[in-house]
Amino acid sequence: MQTRTPTMKTCKTLLEEFQRAPQPLRAEKLVFAGVGGRDVYNISAPFEDDGEWVIAGRVEARDSEQSEVYFFVEREGTWVPREGAPVFALQDPFVSRVHGHLVFGGVETFPHPVLHGKLYWRTVFYRGKTINELAHFFTGPDGMKDIRLVELRDGSVGVFTRPQGEKGGRGKIGFIRIGTLDELTVEAIERAPLIDGQFADEEWGGANEAHLLDNGLVGVLGHIACFDQERNRHYYPMVFAFNPDTGEASDMELIATRAHFLDGPAKRPDLTDVVFSGGLIRKGDGTAEFYAGTSDAEAQKLTIVDPFTKYERQG
């Protein structure tokens with residue numbers, strides 16, 4: 001990857017470029033049961049735990065934002081809650097593996113300290129050898145979602161952040177390197193510099209999952225989002241490569257749009273065109289399985305061309 005500041009591209013520009021790129025191959029809805037008819041969306045990619053594949057998913061009634069995260073296992077084509085697994089009062093789960101630990105997290109909501117009747121949020125982290133051993137070890141800064149961790153080639157830990165407000169506007173991605181999970185602190189996250197040149201001020205985005213590539217670069221799966229004139233939200237899954245040694249990134253590019261997934265319901269009309277990146281399973285044959293939440297109501301899987309292969313070919 002050439003070391004340079006990426007070219008800032010809006011959602012509109014990224015969409016135009018994506019239409020000329022290889023398109024996703026096929027879509028499939030994931031079927032969930034055992035949660036009382038509630039929706040399951042904004043899932044993780046499947047990960048292995050105690051010898052079986054597990055998905056973490058946000059579980060929520062269509063008319064509510066009171067969310068729980070369940071761990072699901074597949075039984076005869078349907079994903080059902082894993083017996084005996086913990087349930088967390090969180091939104092938008094994510095998982096990674098760092099220094100032999102399963103690292104799990106999600107977004108915790110709580111009453112806003114200033115705005116009466118509004119909710120505020122923060123990212124919380126748990127770790128353990130298995131799901132049943134998960135124990136809380138860190139709570140991120142109030143008001144910050146999309147904190148993600150990746151173990152780097154030298155054994156250090158890369159931390160992607162997403163400040164909002166004076167530093168990050170509507171939401172931009174930052175990065176800082178720490179030695180161990182025990183060095184993950186609010187102070188470290190807040191001093192993480194932003195990655196240059198990624199988001200226009202009227203748009204926003206974040207990292208959803210980070211993959212260590214064979215050459216030491218980090219392949220980042222994330223999202224970029226914007227409002228239209230009617231204040232409808234548009235969320236697009238995107239990727240870029242990041243050099244943790246120089247702090248520089250490739251240009252972002254989209255990997256799908258909502259239209260590439262199967263039709264389905266939306267939580268609200270303004271969320272119809274929303275794809276929330278969950279995770280990516282690289283298959284080793286040039287393709288990847290992309291897991292995502294669609295329209296804040298369902299979970300789907302999309303088979304795509306592996307978006308990170310080309311970055312691994314670069315020095």
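I started at arginine 148, which stands opposite phenylalanine 160 in β12. This is a predicted model, so I kept that in mind for every entry. The strands β11 and β12 pair in the antiparallel sense over 4 bridges. I then looked at the sheet they belong to: an open one of 3 strands, ordered β11-β12-β13, with antiparallel pairing. β11 (148-151) and β13 sit at the edges with a single partner strand each, so one side of each has no neighbour in the sheet. From one strand to the next, the twist averages 20 degrees.

**Aromatic pairs**

Next I went through the rings. How many aromatic pairs does the count come to? I got 19. I noted two of them in detail, and for that I needed two numbers, since a pair of aromatic rings is described by the distance of the centres and the angle of the planes.

The rings of phenylalanine 160 and phenylalanine 175 have centres 5.0 Å apart and planes at 55 degrees, so I put the pair down as tilted. That angle falls between the cut-offs of 30 degrees for stacked and 60 for edge-to-face. The pair links distant parts of the chain, with phenylalanine 160 in strand β12 (residues 157-161) and phenylalanine 175 in strand β13 (residues 174-178), 15 residues apart.

Tryptophan 204 and tyrosine 235 are both buried.

I also wrote down one aromatic cluster, formed by Phe47, Phe71, Phe88, Phe104 and Tyr126.

In the second, phenylalanine 227 faces arginine 233 in β16.

Then the turns. The hairpin of β14 and β15 has 5 residues between the strands, and glycine 216 in that turn has a positive phi of about 95 degrees. The hairpin of β15 and β16 also has 5 residues between its strands, and there arginine 231 takes a positive phi near 70 degrees. Where does arginine 231 lie relative to phenylalanine 227? Over the face of the ring, at 3.9 Å from its centre.

β15 is mostly covered, with 9 of its 10 residues buried.

**Helix α1**

I wanted to know what packs on β15 and β16, so I looked at helix α1 (residues 11-18). Its buried residues are Cys11, Leu14 and Phe18. They cover an arc of only 65 degrees around the axis, which puts them on the same side of α1. These buried residues pack against β15 (218-227), β16 (233-243) and β18 (253-254).

**The four-stranded sheet**

On to another open sheet, this one of 4 strands in the order β7-β8-β9-β10, with antiparallel pairing. The edges are β7 (91-98) and β10 (135-139), each with a single partner strand, so one side of each is left without a neighbour in the sheet. The twist averages 30 degrees from one strand to the next.

I looked at one pairing here: strand β9 (residues 119-128) is joined to β10 by 4 bridges, running antiparallel. Valine 124 stands opposite threonine 139 in β10. While there I checked arginine 122, which lies over the face of phenylalanine 110, at 3.8 Å from the ring centre.

**Ala56**

Last stop was alanine 56, in strand β4 (residues 52-60). Its relative accessibility is 0%, so I count alanine 56 as buried. What does alanine 56 touch, leaving out residues up to four places away in sequence? I listed Ile43, Ser44, Phe47, Val69, Tyr70, Phe71, Pro93 and Phe104. Of these, Phe47, Phe71 and Phe104 were already in my notes as part of the aromatic cluster. I also noted proline 86, which is 30 residues from alanine 56 in sequence and 11 Å away in space, C-alpha to C-alpha.

Note on methods. Residues are numbered from 1 along each chain as its sequence is written. This is a predicted model: local features need pLDDT of at least 70, side-chain atom pairs count only at pLDDT 80 or more; totals for chains, interfaces and linings use all residues. Side-chain values use heavy atoms; hydrogens and water are left out. Helices (H or I, at least four residues) and strands (E, at least two) are DSSP runs, numbered from the N terminus. Buried means under 20% relative accessible area, exposed over 50%, partly exposed in between (1.4 Å probe, protein chains only). Contact means heavy atoms within 4.5 Å. The arc is that of the directions from the helix axis to the C-beta atoms. Rings of Phe, Tyr and Trp (its six-membered ring) pair if their centres lie within 6.5 Å; planes under 30 degrees apart count as stacked, over 60 as edge-to-face and the rest as tilted. A charge sits over a ring if NZ of Lys or CZ of Arg is within 6 Å of the ring centre and within 35 degrees of the ring normal. Two strands pair if DSSP finds at least two bridges between them. Axes are lines fitted to C-alpha atoms, for helices over the stretch in contact, and angles run from 0 to 180 degrees between N-to-C directions.
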